[in-house]
Amino acid sequence: MSDIEIMKGNEALAEAAIRAGCRAYFGYPITPQSEILEYLADEGRRRGMIVLQAESEVASINMVYGAAGAGARVMTSSSSPGVSLMMEGISYIASAELPCLLVNVSRGGPGLGTIQPSQGDYFQAVKGGGHGDYRLIVLAPSSVQEMADFVYRAFDLADKYRAPVMILADGALGQMMEKVRFPDYDPAEHVVPKPWATTGKTPDRARNIITSLHIETEQMEQINIRLQDKYRLIAERETRWEEVQTADAEWLIVAYGLAARIAHRAVDLVRARGIRAGLLRPITLFPYPSKPLAALAGRVRGMLTVEMNAGQMVEDVRLAVNGRVPVSFYGRMGGIIPSPDEVVSALQKMVAQDVLTETEAN
Amino acid sequence: MEPTSTAHPAPDMEVVYKRPDTLLDTRMHYCPGCGHGVVHRVLMEVVQELDIQQETIGVAPVGCSVFAYNYLDIDMQEAAHGRASAVATAIKRIHPSKYVFSYQGDGDLAAIGTAETIHTCNRGENILFLFINNGIYGMTGGQMAPTTLLGMKSTTSPTGRTVETSGYPLKIADLVAMLPGVVYVSRHSVHTPNAVRQLKKAMIRSFQYQKEGRGTCFLEVVSNCPSNWKMTPVESNAWLEEHMFPLYPPGEIKAPK
């Protein structure tokens, strides 16, 4: 079970879904993630999974709703425009508190955009996207290994909190091939009872209803309060991040997913030039690692957020830091991946600005 | 004279007709004279008589019957507008031995949910569609539906529906009947006792086909909307016969040989 394989990120994610005991997959083809549907249509079906190619992403997400409500471990995957189509359904799923895995192997937008990798869907994934006050637990892998590992974690979190969990990757992570080792995971040991599911009303219980409709405003407010309490609990318990060379860092790069790999390389490059830089990589984008960022704000001279978008997560960095240190941003858009050298330049510019400010102050 | 109750009949009286236990004893939100309550009742009579309460899972739509789960004593899911058959598809795939039905109005099934309707039927999902067609959006206050008759007035066709602006009434039952995955299509009404009996027979037949895994069953109920048609219930039933039936005639559209 633990043999090392060389796989595409999309395939590794799909293989992990089978091994995690995912009972059903509903999806629609879209580049750059169609390998997930293809892999499951072949290998998944062979190993007993229900795999249905739906007529649209709208149908897919509502099939996820139905299957999750029926008590099954279930998932869908798509890429940016397809995920936009799912937003209404995701809001319903969050409101009805249905556990499921949603995967966005995102691409450059807006609009039909490009099929190249992008992180332009951060706001959509983290801040809502659909209507109403809801949150998704959002996991951001940065390697093919994590494309697999986060599937197990996502299903377990979904079942634990009765909440939809999104893996937010990008086209590069989906398409690149890397080594991956599948952990030992017995789905039978991770089964969470779902007494609320629509499995057919038995005489020993009242009927089960899956709905997001609460026409009485007082009742709807109570639902909202319960959801917010749940999100707070998730924030307390489930925030994950990785720190690289932060112990002595004067400068901090904040980046997630593919951008974090580039930033990691940039940290190595600037350290060779005498700049003490470190990296904080958020692994959960919701809940966001605001506390470690706030702590680091007391120790570093400045932060540089690197994203493959116009600057989305940087807003959360600034909220966490709350003005205590300067926060710069460097990003490329439309499917362009920044190079480590570009990140190095951006950081050097920030350092130079700091020296200049210090000289002026003196 | 003392009022009599069917729940507590006098000792010398025999109960010949009563609410099925599977239909919850609660006040419905439907307007007086609306067909929904009758369809609910027939459905639950069938569930009770076939003894499949534990095996039946329903899906309610967005529209007037959005609260169906408040009246039917079975496990149910409430779907997003138009997506009931996608939800029903998934439930059936997860629990293939259960009886699954999708209860939808004309706006839900034949406008916003047309893609899901066609593709669920085309996959031949072993579910039952219960399609309530009253030619109007009832819940939102009487707007034009895809099924609204030509010349029929609604809040969004105030001088009557015209082909020029809105095209033709959609006969979706005839449309899905063309699909090989669909095994049984029949059009009904609930405006007379005999019509109700015919619908009940069709439901029993549909659940039998579902048990045998023969494909999609699709029952249309041509119904009324006294509130938005702005008629009394009695007038609406007469109007239904006179105006709806010529375009949506009751009867079998497709059945196994």
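Leaving aside neighbours within four places in sequence, A:T211 is in contact (heavy atoms within 4.5 Å) with A:Y65, A:A96, B:Y69 and B:E78. This is a predicted model, in which local features need pLDDT of at least 70 and side-chain atom pairs count only at pLDDT 80 or more, while totals for chains, interfaces and linings use all residues. Residues are numbered from 1 along each chain as its sequence is written, chains are lettered from A and ligands numbered from 1 in the order in which they are written, and side-chain values use heavy atoms, with hydrogens and water left out.

A:T211 lies in the loop between β9 (209-210) and α9 (217-238) of chain A, where helices (H or I, at least four residues) and strands (E, at least two) are DSSP runs numbered from the N terminus. With a relative accessible area of 13%, A:T211 is buried, a term that means under 20% relative accessible area (1.4 Å probe, protein chains only). The side chain of A:T211 reaches the backbone nitrogen of A:L213 at 3.0 Å, and a polar contact of 3.2 Å joins the side chains of A:T211 and B:Y69. A polar contact is a pair of N or O atoms within 3.5 Å; within protein, one must be able to donate a hydrogen and the other to accept it, and residues adjacent in sequence count only if both atoms are side-chain atoms.

## The interface of chains A and B

In this model, 34 residues of chain A are in contact with 33 residues of chain B. The two chains, A and B, bury about 2,700 Å² between them, 58% of it on carbon and sulfur atoms; buried area is the accessible area (1.4 Å probe) that two parts lose on being put together, summed over both. A:E55, A:K201 and A:R207 supply 23% of the area that chain A buries against chain B, more than any other three residues.

Across this interface of chain A and chain B there are 2 salt bridges, each a side-chain nitrogen of Lys or Arg within 4 Å of a carboxyl oxygen of Asp or Glu. A:R205 forms a salt bridge with B:D75, the closest N and O atoms being 2.6 Å apart. The largest share of the side of chain A that touches chain B, 8 residues, comes from α3(A).

Conventions: Buried means under 20% relative accessible area, exposed over 50%, partly exposed in between (1.4 Å probe, protein chains only).
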